[in-house]
Amino acid sequence: MDVFVNWLQLTQLSLLFQDQVAWLWPLCESLHFLGLCVLIGAAGFFDLRLLGLMRAVPLRTAWTLVPWAKAALFVNFLTGLVFLISQPEQYARNVSMWFKVLFLLVAGINALVFEWFYSRRLLTLESHADTPLAAKVIGGVSLASWFAVLYFGRMIPYLVPDPVSGV
Amino acid sequence: MPDFPMEFLTRLQDSALAQWVGGAETLLAYPTILTLHTVGLSIVVGTCLVIDLRVLGVARQAPLSALRRAPLLIWSAFLVNAVTGVLLFLPSAEQKAFQTIFYVKLACIAVALFAYARIWTLVFRDAGTLAAPIPREARTFAVVSLIFWTGATVAGRLMAYIL
């Protein structure tokens, strides 16, 4: 890990980002925060429907918000990469970062399980239909894991071995 | 600069609560309060975003009445953010009270909340407005809402940079 961090820190890209940190970091943080709002709003809406709330909304209609969540996740992935590439030593040994990655994996696998095994069947559900238990579990896991990603992401600056100023 | 606000701000900043928020050697103080503020932000802005998108014609097949409990979500998260916001203000009251970007953020929140209130009245108020076509004014306020929630979020983030 240390070898990787040391190599990454000295790449041209990392040096370029470090050089432009004064505007690049606030810009990417702002986009990262806007992205998390869109992700929570759009994915949260679908998750609540999976949990059986807002039954007047057909599941396939709620599904039309999911591309917004995916786009937001993509923005946050790119801006997150900028953080990682420019300051790898802040993240490599950060407990909160690894919990964030863990819950990102949980959220991602959970979403893939829905898409692969349940979407075809569930998206044909009529409006006002309750959702089966499997859908409620997937919705609950999704909601909980996205908030866990947010929680551990926000705690990253406070669990850096030597604290940094970015708050 | 008159004495009164500075004296008041100094008293705020020296209060036991402010000292605890800013100085306690526990992740439960400033870091957790800040994280709750971010969770609240995501719920307030995320829910308003869904309402705005629906008003602008996304997910058109979703009946408007399905969003009738959204205010509960928005206002409870907003309450969390008002409380955590005050707590986060306290330890650096003397500095934040003179930070322009802080007032930009507050102004953006005020405009965004006004837009939300207008949308609610125009579209969601009662069975009549729910059944009627969405008025153009509501669509305008949905765009205003999106712009000013974006502004509030970015200004909040920039408070760490533009001191």
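**Entry 1: around B:Phe124**

I began at B:Phe124 and listed what it touches, leaving out residues up to four places away in sequence: B:Ile51, B:Val55, B:Leu64, B:Leu67, B:Ile119, B:Thr129 and B:Leu130. Contact here means heavy atoms within 4.5 Å.

A note on the ground rules: this is a predicted model, in which local features need pLDDT of at least 70 and side-chain atom pairs count only at pLDDT 80 or more, while totals for chains, interfaces and linings use all residues. Residues are numbered from 1 along each chain as its sequence is written, chains are lettered from A and ligands numbered from 1 in the order in which they are written, and side-chain values use heavy atoms, with hydrogens and water left out.

Next I looked up the largest nonpolar core, which has 64 residues. A nonpolar core is a set of buried Ala, Val, Leu, Ile, Met, Phe, Trp, Tyr and Cys residues joined through side-chain atoms within 4.5 Å. Buried means under 20% relative accessible area, exposed means over 50%, and partly exposed lies in between (1.4 Å probe, protein chains only). B:Phe124 is among the residues with the most contacts inside this core, along with A:Phe45, A:Phe46, B:Ile51, B:Val55 and B:Trp149. Another core lies apart from it, with 10 residues, including A:Leu24, A:Trp25, A:Ile85 and A:Ile156.

**Entry 2: aromatic rings**

A:Phe103 and A:Phe152 are a stacked pair, with 5.8 Å centre to centre and 5° between the planes. This pair links distant parts of the chain, 49 residues apart: A:Phe103 is in helix α7 (residues 95–122) and A:Phe152 in helix α8 (residues 133–155) of chain A. Helices (H or I, at least four residues) and strands (E, at least two) are DSSP runs, numbered from the N terminus. A:Phe103 counts as partly exposed because its relative accessibility is 24%.

B:Trp120 and B:Phe124 are stacked too, at 4.5 Å centre to centre and 15° between the planes. They are 4 residues apart in helix α6 (residues 100–124) of chain B, so about one helical turn separates them. Both B:Trp120 and B:Phe124 are buried. I also found that ring pairs join these two with B:Trp75, B:Phe78 and B:Tyr116 into a cluster.

**Entry 3: where the chains meet**

I counted 30 residues of chain B in contact with 29 residues of chain A. Together the two chains bury about 2700 Å², 80% of it on carbon and sulfur atoms. Buried area is the accessible area (1.4 Å probe) that two parts lose on being put together, summed over both.

Which residues of chain B lose the most area to chain A? They are B:Thr35, B:Arg157 and B:Tyr161, together 20% of what that side buries. The charged end of B:Arg157 also sits over the ring of A:Phe33, 4.8 Å from its centre. For that label, NZ of Lys or CZ of Arg must be within 6 Å of the ring centre and within 35 degrees of the ring normal.

**Entry 4: chain B as a whole**

I found 8 helices and 0 strands in chain B. Of its 163 residues, 47% count as buried. Its C-alpha atoms fill a box of roughly 55 × 35 × 25 Å, taken along the principal axes.

Methods
Rings of Phe, Tyr and Trp (its six-membered ring) pair if their centres lie within 6.5 Å; planes under 30 degrees apart count as stacked, over 60 as edge-to-face and the rest as tilted.
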